[in-house]
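I opened my notebook on a new model today. Here is what I looked up, in the order I went.

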Amino acid sequence: MTGASGTMSLWIIIVGMAIGSFALRFLFIGLVGSKAMPDWILRHLRYTAVAIIPALVTPLIVWPGSGAEQLDPSRISAAAVTLVAGVLSKNVLLAVLCGAATLYGMLYLLG
């Protein structure tokens, strides 16, 4: 993707993504925002925030670098400690701090 055709393709993709992003937000804020939503939709929307964090973090744990074909023990152990600390303490901040300490400690120990 070089030259004018590559630049034009890039801008078409950027504009298309901007339009799609605006359309999704407008659908919920502009069209549905003033109407009452059914209880079953509200019940499912409560779990959206809980699902976003694992969806963002899991690829970074399973595939830590580009082209890395093996699991990283530092990241796996940090994820396990974070999960256990979160389940036992019910405190998100404590779980994140325990996971970060484990990650940095394991990276220091394993090199």
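**Ground rules.** I am working with a predicted model, where local features need pLDDT of at least 70, side-chain atom pairs count only at pLDDT 80 or more, and totals for chains, interfaces and linings use all residues. I number residues from 1 along each chain as its sequence is written, and side-chain values use heavy atoms, with hydrogens and water left out.

**Fold.** I counted five helices and zero strands, taking helices (H or I, at least four residues) and strands (E, at least two) as DSSP runs numbered from the N terminus. Read from the N terminus, the order is α-α-α-α-α.

**Overall dimensions.** I found a radius of gyration of 21 Å, whereas a compact globule of 111 residues would come near 13 Å. That radius is taken over C-alpha atoms, and the globule rule is 2.2 Å times the number of residues to the power 0.38. Along the principal axes, the C-alpha atoms fill a box of roughly 50 × 50 × 20 Å.

Of the 111 residues, 8% count as buried (under 20% relative accessible area; exposed is over 50%, partly exposed in between, with a 1.4 Å probe and protein chains only). Among contacts (heavy atoms within 4.5 Å) with a separation of 6 or more, 39% join residues 24 or more positions apart.

**Rings.** My search of the whole structure gave one aromatic pair. Why is the pair of F22 and F26 stacked? The ring centres are 6.0 Å apart and the planes are at 15°, so the pair meets the stacked class. For the record, rings of Phe, Tyr and Trp (its six-membered ring) pair if their centres lie within 6.5 Å; planes under 30 degrees apart are stacked, over 60 edge-to-face, the rest tilted. Both residues sit in helix 1 (residues 3–31), four residues apart, about one turn of the helix. F22 is exposed at 57% relative accessibility, while F26 is partly exposed at 43%.

The largest pocket has a volume of about 760 Å³. Which residues are closest to its centre? Of the 21 lining residues, they are I53, V57, T82, L83 and V96. On a 1 Å grid over the protein atoms alone, a pocket is an open set of points where a 1.4 Å probe fits, with protein on both sides within 12 Å along at least five of seven lines; lining residues have an atom within 4 Å of a point. Grid points are joined across faces, edges and corners, and the volume is the space filled by probe spheres set on them. Helix 3 (48–62), helix 4 (73–89) and helix 5 (92–110) each give two or more residues to the lining, and helix 4 has the largest share, seven residues.
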